[in-house]
Amino acid sequence: MAVQEVIKMGHPLLLARAKEVENFATAELEQLIIDMKDTMAALNGAGLAAPQIAVSLRIVIFGVSENPRYPDADSVPETVLINPEISIIAPERDSAWEGCLSVPHLRGLVPRYTSIRYRGYDTQGNLIEREAHGFHARVVQHEVDHLDGILYPTRIEDLKDFGYEDALMQSHDESELEEEL
Ligand code: NI
């Protein structure tokens, strides 16, 4: 296990544009991915971007299998996505509560496109191309935002829809408050 510290909102690396990965199938890249997976698992996250462990490279991981805490959540394939690009399939957006491991204890209501296409590479440099909808699309947009120095609070349309998870639980269902990304 090589669980790394997750840096928090306020750290300048979370506001920077991360750099493209140029070399695939290297021992360094494999080790970084292991650290990211260990860190995400240790914190029960549904996604993690390399800048969150202070590595400013365009790498995200995500995945949600059945989680007893969120029995109604859609499953999202376990994925390592390097140098990702997103294209929007349709203009429709919907709003849902998001959390972020770099913004602990808080949740905000964030609009995201409901249908996207994304492409990127795995650690060996093989192309990954997929269409994603709903929560899967949301997770990818949240993680790719991290690579462009964007944290979800800046996407909240009304700051009344931003608060502490424990306080929001008084008026919202726990399953509505989504997972930390
Ligand atoms: Ni996040």
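Contact means heavy atoms within 4.5 Å. Helices (H or I, at least four residues) and strands (E, at least two) are DSSP runs, numbered from the N terminus. The model is predicted: local features need pLDDT of at least 70, side-chain atom pairs count only at pLDDT 80 or more, and totals for chains, interfaces and linings use all residues. Residues are numbered from 1 along each chain as its sequence is written, and side-chain values use heavy atoms, without hydrogens and water.

**Exercise 1.** Determine the order of the elements in the protein chain.

*Solution.* Three helices and eight strands are present in the protein chain. Read from the N terminus, they run α-β-β-β-β-β-β-β-α-β-α.

**Exercise 2.** Identify the buried residues of H1 and the strands against which they pack.

*Solution.* Buried means under 20% relative accessible area (1.4 Å probe, protein chains only). In H1 this holds for Leu29, Leu32, Ile33, Asp35, Met36, Asp38, Thr39 and Met40. Their packing partners are strands S1 (47–49), S2 (59–64) and S3 (76–88).

**Exercise 3.** Describe burial and contact range for the protein chain.

*Solution.* Of the 181 residues, 48% are buried. Among contacts between residues at least 6 apart in sequence, 68% join residues at least 24 apart.

Key: Buried means under 20% relative accessible area, exposed over 50%, partly exposed in between (1.4 Å probe, protein chains only).
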